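Please read this briefing alongside the sequence and the structure shown below.

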Amino acid sequence: NNTDKMIVNSKILSNYEFIIEELGSMTLKSTIATSTAKLAKMGLNATKRSGSSLPGKLAQRIDPEIISHLTDDKQVILVTGTNGKTTTTALLSEMLRTEFDVVTNDSGANMEQGLITSLILKGQDKDIAVLETDEVYVRKLSPQLTIDYLVITNVFDDQVDRLGSKEQTLQTILAGVKHQPQAKLVLNGDLELMHEIDIENHQLFFGKDFANANYKLHDVSIGLNESQLKINDTALTAPFSGMYNMYNVAAAYAVAKELGISDENIAQALRNFKRIEGRQEVIHIAGKDVVFNLVKNTAGFNATLDVIKLDNRQKACVLAFNNKPADGEDMSWLDEADFEQLANMSVIRTYYGGMYQKPLGERARRAGFDELIEFNSPEELLGYIKCEENDVVHIVANYTALYDIRNEFVKLGVIDE
């Protein structure tokens, strides 16, 4: 009716006026770019559509220098590396929020247009930008902003068709700070590759085995649901499992301490931390735990097995892999992943699917899995899970395969969002 239309139009007008008013200090081009992005997001929300990169894409078309305008009043911390970017970014943001106003790209959109979207929609009047950044995009972002800290979580062979070798990947990342001598590097000291860096930037190291680490990880006790660790003299409790996650905590801790965050606030941030979707995320279906485990390469796969090994319950397993561009189309790394170890973990039954289903099944058979069952859709998988008599189902999947399953589970009502 006309009353409803008047209310809707009034809301749109007030939102638009707010957008224009708050952008008065920017250049005309960046003002138009930012307003367009916000209106695009309003449109997406109104039609219940996702699209974390679209608003940024539109803004960048209007103003190619939009990132510079959005970050020139902020400290900028980029977090990159092969594994652990999303978790480290979330941990560091949580720690810094105890004393600063922080903007971050918590949607996980870690390429240029996704970063722009986050900065436009959530970055007004913030002190610090903590931005998860794809390895390639550090170099692309560098001319557009001033980097205060660059965190490199680790570098392993991953998506070799896109990134090349781990040595090439590291050089690609470092090209982004070559002309930014003020940028401090926060590096994983336990990786030999990190000690071969020939660059003038100040370097800080975190790690467990490197004797001269600035932030020394020790006394680590890994549990299934939480873990204990010390960094230097500080005892902490991490709300998740896996040695790889202890490195993520150490990386975030290093930057937080450099920026003056107290140990008490860091400990509180860890207590408040919520697991990120897809990363040891536990949901409940038909009386059993279903655990999402995102893996993207050999190192991540084998590290995830160390966590699954801690779960002594009778279990079923789901293996799901795609070879879309976002995953890397070269899936040869699965031949090196330790499927044999998983086959010997009292896994009663294994379901497998995804675009890479046929070679995945062949790899699992070679590894000696007892009972293998194909699934051809998330709906079919959900039916199998509901009928499972085991206590827990571990889903081990790469990026697009995991979200194909998870997003469909949301639509089917078994995950609340």
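The chain has 16 helices and 15 strands; helices (H or I, at least four residues) and strands (E, at least two) are DSSP runs, numbered from the N terminus. This is a predicted model, in which local features need pLDDT of at least 70, side-chain atom pairs count only at pLDDT 80 or more, and totals for chains, interfaces and linings use all residues. Residues are numbered from 1 along each chain as its sequence is written, and side-chain values use heavy atoms, with hydrogens and water left out.

**The chain as a whole**

- The radius of gyration of the chain is 22 Å, which agrees with the value near 22 Å that a compact globule of 417 residues would have. This radius is taken over C-alpha atoms, and the globule rule is 2.2 Å times the number of residues to the power 0.38.
- Taken along the principal axes, the box filled by the C-alpha atoms is roughly 65 × 65 × 40 Å.
- Buried residues make up 52% of the 417 in the chain. A residue is buried under 20% relative accessible area, exposed over 50%, and partly exposed in between (1.4 Å probe, protein chains only).
- The accessible surface of the chain is about 18,700 Å², and 47% of this surface belongs to carbon and sulfur atoms. Accessible areas come from the Shrake-Rupley method with a 1.4 Å probe; for residues, only the protein chains shown count as cover.
- Of the contacts between residues at least 6 apart in sequence, 68% join residues at least 24 apart. A contact means heavy atoms within 4.5 Å.

**The largest cavity**

- How many cavities of 30 Å³ or more does the count give? The count comes to one cavity of that volume. On a 1 Å grid over the protein atoms alone, a cavity is a set of points where a 1.4 Å probe fits but cannot get out, whereas a pocket is an open set with protein on both sides within 12 Å along at least five of seven lines; lining residues have an atom within 4 Å of a point.
- The volume of the largest cavity is about 40 Å³. Grid points are joined across faces, edges and corners, and a volume is the space filled by probe spheres set on the points.
- The largest cavity is lined by Asp-158, Gln-159, Lys-296, Ala-326, Asp-327, Asn-398 and Tyr-399.
- By class, this lining has two nonpolar, two polar and three charged residues. Ala, Val, Leu, Ile, Met, Phe, Trp, Tyr, Cys and Pro count as nonpolar, Asp, Glu, Lys and Arg as charged, and the others, Gly among them, as polar.

**The second largest pocket and Thr-298**

- The second largest pocket holds about 210 Å³ of space.
- Its lining consists of 13 residues, and those nearest the centre are Asp-157, Asp-158, Val-160, Thr-298 and Trp-333.
- Four nonpolar, four polar and five charged residues form this lining.
- Thr-298 belongs to helix H12 (residues 298-309), and Thr-298 counts as buried because its relative accessible area is 17%.
- Leaving aside residues up to four places away in sequence, Thr-298 touches Trp-333, Glu-336 and Ala-337.

**Partly exposed residues in helices**

- Leu-39 lies in helix H2 (residues 28-46) and is partly exposed, at a relative accessible area of 31%.
- Leu-39 and Pro-55 are 16 residues apart along the chain, and 8.2 Å separates their C-alpha atoms.
- Ile-62 lies in helix H3 (residues 54-62) and is partly exposed, at a relative accessible area of 29%.
- With residues up to four places away in sequence not counted, Ile-62 touches Lys-29, Ile-32, Ala-33 and Thr-36.

**Exposed aspartates**

- Asp-125 is placed in the loop between helix H6 (112-122) and strand S3 (128-132). Its phi is positive, near 60°, in a residue other than glycine, and Asp-125 is exposed at 66% relative accessible area.
- Asp-219 is part of strand S7 (residues 215-222). Although not a glycine, Asp-219 has a positive phi of about 50°, and a relative accessible area of 54% makes Asp-219 exposed.
- Asp-416 is in the segment after helix H16 (399-411) and counts as exposed at 74% relative accessibility.
- Asp-416 and Ile-283 are 133 residues apart in sequence, and 9.4 Å apart from C-alpha to C-alpha.
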